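Here's a quick walk through a two-chain model, one piece at a time. Have a look at the structure first.

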There are 2 protein chains.
Amino acid sequence: MSLIVVGSVAFDAIETPYGKTDKIIGGAGSYIALASSYFGIKPRVISVVGEDFPEEYLSLLSSHGIEIQGIEVKKGEKTFFWSGKYHQNMNQRDTLITELNVLEKFDPKIPEEWDKTDYLMLGNLSPIVQRQVIERLETRPKLIAMDTMNFWMDIMSEELAKTIALVDVLIVNDEEARQLSGEHSIVKAARVISKMGPQYIIIKKGEHGALLFGNEQIFFAPALPLEEVFDPTGAGDTFAGGFIGYLAQHQKTDFDAMKSAVIAGSTMASFTVEQFGTDRIQHLPQSEIDSRVKRFENLVKFSY
Amino acid sequence: MSLIVVGSVAFDAIETPYGKTDKIIGGAGSYIALASSYFGIKPRVISVVGEDFPEEYLSLLSSHGIEIQGIEVKKGEKTFFWSGKYHQNMNQRDTLITELNVLEKFDPKIPEEWDKTDYLMLGNLSPIVQRQVIERLETRPKLIAMDTMNFWMDIMSEELAKTIALVDVLIVNDEEARQLSGEHSIVKAARVISKMGPQYIIIKKGEHGALLFGNEQIFFAPALPLEEVFDPTGAGDTFAGGFIGYLAQHQKTDFDAMKSAVIAGSTMASFTVEQFGTDRIQHLPQSEIDSRVKRFENLVKFSY
């Protein structure tokens, strides 16, 4: 099954209570593509980087079977760079540096042979760019999933609404769901958002798990109780990658498949936070993924 | 199976964004006893009230099969009274009035025919009083569960530690677990607390569910996603009541039973918050309880 991932491929520099990194590979597109690559598919990435983006990072993606022809390299320009610092409880972070660079005028180009795709995952980006990708595809994908963030709600809520109206699955966190809907109750927020278009709404609650709404049903996936979160960067993107990867692999879009896809996403996210950046999801044996899915199963299983 | 419940039987006056009550029946002992009465047992309550406590409230307890001989009525004294106000998001409340009255010198008396019990649930009270009950029983119960709160950690942590060392199950919320253990991570907190004595630790996270630790295992029970919480008063006590009621009914204390007992507690708590005070758990048909347990099952069920 074909999957297109749209999202930033970028540099991150991260500081947590456990240490700090120099510029390492980051960006929603990188995390989503890496996570989804564990699901027997060859994710196709649409993104843009500058001339300064190291060949070794592109090779890292390729080595996972990720197709990188859709990553435009802009001569004489610089790659998007984000730097942030997490505090002791890991729930709050300060952004130290944001250099948009090539992202500022990102004009997504879809390689000709990619203009039909079964699955489309829109990573967090300007809703205008996200919509351009949908419009530039020759046919509508079987399933479009979309991530976004409060930043776009603050500065371009109308554009955001137009894009949300086009997608099947919206993935947001609890605070974003509240802002987008104007409802404090998560259940009410999901109902309001569903009226904006998406058939399925996923509301992530960080260490408290994630809720899936759709089809008049609710599914709850716990987060794995971890002793420590080493670096939360990319957890949400990895969740999206595991989620869309599972769906593309199983070629299903019903509620039962969505439930398992949320578990796949939670599983991949639980690895990401164990090390800096993408370190933990660069070399994951299938057996480790399988046994962690098993842990999720056991965590909630009971017979009353 | 015999169950003794120790806890306040009291007056509450509650204000939430949805309305307010006059003095109604409240107190940990009332909620625990009512909730556990739905599990085919006759809970025995040890408590104290003043002369002002209405006969109709005692009759309400009796009508549920609750044995009230252990509720001492102090002539010429007044019943414990708490009044509180919840804010819009229901996570914070202000205590408006606390009149200890009869609770100030509560000297728990165990009716002679109750001096052997299989199950003992110590509702939130002074840890000295909780320990007195354990010491005044002729034989150690098969299982002792205990609730407490940050107040006792603040003012008598040594006495609290002595009591915790005597119990099998400690039930606290996430903030209390953090304060008691000095650890921010819930997983680490549970490990520290388990070294204080209890074999099982339950950490409640309100709308985010509850975690059960013990036996080198972790179980996660979600909270039911609700549109609105009408009145959170007594949710924690009702949880404890459903928990201990399930165990007493099934006469089991292994990890599998604990898991189902946590679901039973979560189920009963999910009813309590739907109306003021004990209103919702005064007349619950078994069929409603059964179908809500089913909702908990469906909420987390997936086949990967």
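Among the elements covering the buried residues of H6(B) are helix H4 (150-155), strand E11 (169-173), helix H7 (186-194) and strand E12 (200-204) of chain B. Helices (H or I, at least four residues) and strands (E, at least two) are DSSP runs, numbered from the N terminus. This is a predicted model, where local features need pLDDT of at least 70, side-chain atom pairs count only at pLDDT 80 or more, and totals for chains, interfaces and linings use all residues. Residues count from 1 along each chain as its sequence is written, while chains are lettered from A and ligands numbered from 1 in the order written.

In H6(B), residues 174-181, the buried ones are Glu176(B), Ala177(B), Leu180(B) and Ser181(B). They sit on the same side of H6(B) because they cover an arc of only 115° around the axis (the arc of the directions from the helix axis to the C-beta atoms). Buried means 20 or more other C-beta atoms within 10 Å of the residue's own, with C-beta atoms placed from the backbone.

## Strands around E7 of chain A

E7(A), residues 81-86, runs parallel to E2(A), residues 10-16, with five bridges joining them. Strands pair if DSSP finds at least two bridges between them.

Ser83(A) in E7(A) stands opposite Ala13(A), and its bridge partner in E8(A) is Ile97(A).

Methods:
Buried ≥ 20, exposed ≤ 12 C-beta atoms within 10 Å, placed from the backbone. Contact = placed C-beta atoms within 7 Å.
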